[in-house]
Amino acid sequence: NRKEGLYDLSNTLPPHTLTRLAREWLAEDTPNFDPAGLCVGSHEVEARLLCKTPCSVLAGRPFFTAVFTELSCTVEWAHKEGAQLVAQTAVVRGPARCILLGERPALNCLARASGIATRCSQLQSIAREAGWHGHVAGTRKTTPGFRLVEKYAMLVGGVSMHRQDLSGMVMLKDNHIWASGSITQAVKDARSVCGFSSKIEVECGSREEGSEAATAGADIVMLDNFKPQELHAAAQLLKEEFPSVLIEASGGVTPDSLPQYLSPHVDIISLGCITQGCPVVDFSLKVQKPVAFPIIFQSQ
């Protein structure tokens, strides 16, 4: 039971980071002149943000707002982060040319983040309905320069972000192991530098490799590219031998096949499709035409 108002995921985003990203996106989209700005000028207008994809989850409000804040505009939201959307989502007010400067960067961010959050919410629903209590997780298969947005969208959608980057948790994949000579040597070398403060995960292609990794001191064993029945059998044996080791399943899991991988012996299931090939949510921002008031002539 969290105190009302304190559990706001936007509080995880440093304000200076939001400002930096907004400025970078705007500079990328308008590196010098804005000729179209001459056509619309700086008079105050109102634009309505509309969602055109049914049953979508809203994610990315802080990034959208940061873009328009940089342009001296205000955003009034109709829905909280994580809400299921109906047509009108927000109202943006400010100088006409500034709203149009921010339109595309802000919409691109919101569309991508909301698409990821929607998929994550769907995956969580599948896991909950099956009675599974493990963690659905994302991966590091993110868009370069856009990882913070995509990882934040995972949070909004209710799944685990997994590790943020290479500096977080240690993950020893097949290439690390081949270059080191063995799983045992790779784990030993990694532990010598990461100490007690980081977990070590090892990608394994068989139950035997998983057993070697756990024996060497790995905290998490990833069973990679296992077929569902092979996964269940290997996970059960590893849990019986190493009860405290976390078991992760990964490789080729899709929203359609996820139910086949759910197991009481699997703690984590990670899916690259959370970010790769994920549909976006269709938003549009429509500037409202000024209301024309009829002129009433009074009789003399």
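Predicted model: local features only at pLDDT ≥ 70, side-chain atom pairs only at ≥ 80, totals over all residues.
**Exercise 1. Describe how helices α1 and α3 pack, and say which residues make the contact.**

Let's start with the general idea: two packed helices are described by the angle between their axes and the distance between the axes.

- Step 1: Helix α1 covers residues 15–29 and helix α3 covers residues 61–70; they pack at about 65°, with axes 9 Å apart.
- Step 2: Angles of 65 to 115 degrees count as roughly perpendicular, and α1 and α3 are therefore roughly perpendicular to each other.
- Step 3: The crossing of the two helices, α1 and α3, is right-handed.
- Step 4: On the α1 side, look for Leu 18, Thr 19, Leu 21, Ala 22, Arg 23, Trp 25 and Leu 26; α3 contributes Pro 62, Phe 63, Ala 66, Val 67 and Glu 70.
- Step 5: Sorted by class, this contact of α1 with α3 has nine nonpolar residues, one polar and two charged.

**Exercise 2. Work out the strand order of the four-stranded open sheet, and find its edges.**

- Step 1: The order is β2-β3-β1-β10, and the pairing is antiparallel.
- Step 2: From one strand to the next, the twist averages 20°.
- Step 3: Now zoom in on β2 and β3 (residues 88–95), which pair over four bridges in the antiparallel sense. Here Thr 74 stands opposite Arg 93 in β3.

**Exercise 3. Trace the six-stranded open sheet, then look at the annotated domain.**

- Step 1: The strands follow the order β4-β9-β8-β7-β6-β5, with parallel pairing.
- Step 2: The edges are β4 (135–137) and β5 (170–172); each has a single partner strand, so one side of each has no neighbour in the sheet.
- Step 3: Direction ignored, neighbouring strands of this sheet are turned by 20° against each other on average.
- Step 4: Inside the sheet, three bridges join β8 (residues 246–250) to β9 (residues 268–270) in parallel, and Ala 249 stands opposite Ile 269 in β9.
- Step 5: An unreviewed UniProt entry places "domain: Quinolinate phosphoribosyl transferase C-terminal" at residues 116–286. Over residues 116–286 the chain is 42% helix and 16% strand, and the end C-alpha atoms lie 24 Å apart.

Conventions. Residues numbered from 1 in each chain as written. Heavy atoms only, no water. Axes fitted to C-alpha atoms, helices over the stretch in contact; angles between N-to-C directions. Parallel < 35°, antiparallel > 145°, perpendicular 65-115°, else oblique. Left-handed = near helix turned anticlockwise from the far one by under 90°. Contact = heavy atoms within 4.5 Å. Nonpolar A, V, L, I, M, F, W, Y, C, P; charged D, E, K, R; others polar. Pairing = 2+ DSSP bridges. UniProt positions renumbered as here; feature names shortened; annotations may be inferred.
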